[in-house]
Amino acid sequence: MKYLMFVCTDTEPDTDPTPEPDINVWVDRHDASGQRLQGMALAPKSTATTVRVRNGQTLVSDGPFAETKELIVGFDLLECADLDEAIEVARTHPMARNGRIEIRPQADWDRS
Amino acid sequence: MTDARAAAADAAAAAATEAYQRIVAALIRITGDWTLAEDCAQEALALALDRWPVDGLPDNPGGWLMTVARNRALDVLRRGTVERRKLRELAVLALTAATAEPEREEIVDDRLRLIFTCCHPALPLEARVALTLRTICAVATADIARAFLVSESTMTRRLTRAKTKITEARIPYRVPTGPARAERLPGVLAVLYLLFTHGYNADGEPAFAEEAIRLARLLGRLMPDQAEVHALRALFLLQHSRRHARRDPAGDLVPLDRQDRSRWDHAAIGEAVGILSELRESELRESGPAESGPYALQARIAACHATAASVADTDWIRIADCYDQLARLQPNPVIELNRAVAHGYAYGPEAGLDLLARARAGGALDDYPLAIAAEADLTARAGDRVRAADLFRAAAARAHGDAERRALLDRADEL
């Protein structure tokens, strides 16, 4: 089962003073286990561009499509047996403490 | 109905519920289809109600129900496109009430998987309570909807959304193992507690309190080594024991010190006290002093009240000690308030006022009438009747209902 991890900022990060996990260790570990298929950090939201097509016209505008305090700063594509396994992978990502992580499963069009 | 016949009817209802739980749990494990599992279990029960009075009770009622439900599921699945593996597994589902051999390392009761899945933290909290009631307790959707003050169609949608998330996000049908089990258990107990309070509150569904007690008993059988599970059942029994005394004929809450203690359910109190003393013994058997959990502490406090002949005869020193431990485990203003009250009875009003001042320092209890009433009560017992009467009137001004306001004004007038 494929899950996409949206790595986001949060207005209330963790206050626990113990050192946070190293992102490189996290990437290496889950690449080796086969749970992380790919992923990347994203450039700041000032570089975002939004594209829409309406009545055949392409509308290009500056900025992210949703103005929120929490920003998506990266993503990772996971291959996990179930949600508990994906939660376990997300839990150890440094941004689970510095920000927050949203896990979304791949849509299953056959089922619905 | 005679007592014997009533007891037989109760036993039959309990057996039917247990059979239902086992069937639903086994069919979900094999088919992964929650709605199909519920429908087939319901149909099997309906057929039993139809046939058994005519044909007589089968030798193995649980096995009979499981076979009927299994055959119904096979019929439905054969008509659809379904993997052969699932059909094979269903076909070998044991004809006895016992379920098919679990495929994994550990033999876990299917009902335990069902409880942990219904209470998974990735589901919204209200959906966890509703799904537990629907799937494990077999409560009708209309009854759940009424307790949650929503329409039946809203509740149906909420249940469907939860089941869809379980399937599409692939929430595993599994009891977590290792440290994850200890991490998830408090969440399961919190769902049971919420279910109980839905039965306990004035506008709630009284039957839900009984369902919560039954679920806690089942969970205790399935996880016998988890002290907090047993403690939670004791707490439920103790709170439930006051159900006939805690409201006046108008439906208003009667404070503990004015309840008719002869109307408390002493059989339930006895059962709870038995659970707590067994817990205490097993704690003592463990090497080293075991830390009591929050439900054990709350249950011990409730037991002190339940076994006392009056407020004055209550073991307030023990209650104060339990609140000290509870405040360390779960620091929050309401626990600090109760702790101050307990210390006021155990060690004198000044000790209570001192703790109360500290509990209110953050301003968290400023508009909480019970905090002001507690200060009024302690002040009265410390001898300052004029100030106490003013405080009771101040509390009355912030009261949430007419009955509460009247009771507080009565206290002011008595001074």
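Predicted model: local features only at pLDDT ≥ 70, side-chain atom pairs only at ≥ 80, totals over all residues.
Two strands are taken to pair if DSSP finds at least two bridges between them. By that rule, strand β1 of chain A (residues 2–9) pairs with strand β5 of chain A (residues 72–79), the two running antiparallel and joined by 7 bridges.

A hairpin supplies another pairing in chain A. Strand β3(A), residues 49–54, and strand β4(A), residues 57–62, pair in the antiparallel sense through 6 bridges. One of the facing pairs is R52(A) with L59(A), the latter in β4(A). The hairpin leaves 2 residues between β3(A) and β4(A), and N55(A) in the turn has a positive phi of about 50°. Strand β3(A) is hardly covered, for the count of buried residues among its 6 residues is 0.

The C-alpha trace of chain A spans about 50 × 40 × 20 Å along its principal axes. Of the 112 residues in chain A, 16% are buried. Among contacts in chain A with a separation of 6 or more, 79% are between residues 24 or more positions apart.

Attention now turns to where the two chains meet. Chain A contributes 7 residues to the contact with chain B, and chain B contributes 8. On the chain B side, the residues that touch chain A comprise 5 nonpolar, 1 polar and 2 charged.

Chain B itself is divided into domain 1 (3–101), domain 2 (109–172 + 185–224), domain 3 (227–249 + 261–310), domain 4 (315–366) and domain 5 (368–415). Taken over C-alpha atoms, the centres of domain 2 and domain 3 of chain B are 23 Å apart. The contact between them draws 13 residues from domain 2 of chain B and 10 residues from domain 3 of chain B. On the domain 2 side, helices α9(B) (179–200) and α10(B) (206–222) each provide at least two of the residues that touch domain 3. Helix α10(B) gives the largest share of that side, with 7 residues. By class, the domain 2 side of this contact has 11 nonpolar, 1 polar and 1 charged residues.

Helix α2(B), residues 34–55, has 22 residues and reaches 31 Å from its first C-alpha to its last, close to the 32 Å expected at 1.5 Å a residue. After α2(B) comes G56(B), which has a positive phi near 90°.

Technical notes:
Residues numbered from 1 in each chain as written. Chains lettered and ligands numbered in written order. Buried ≥ 20, exposed ≤ 12 C-beta atoms within 10 Å, placed from the backbone. Contact = placed C-beta atoms within 7 Å. Nonpolar A, V, L, I, M, F, W, Y, C, P; charged D, E, K, R; others polar. Domains from an automatic or database assignment. Helix = DSSP H or I, 4+ residues; strand = E, 2+ residues; numbered from the N terminus. Expected span 1.5 Å × (residues − 1).
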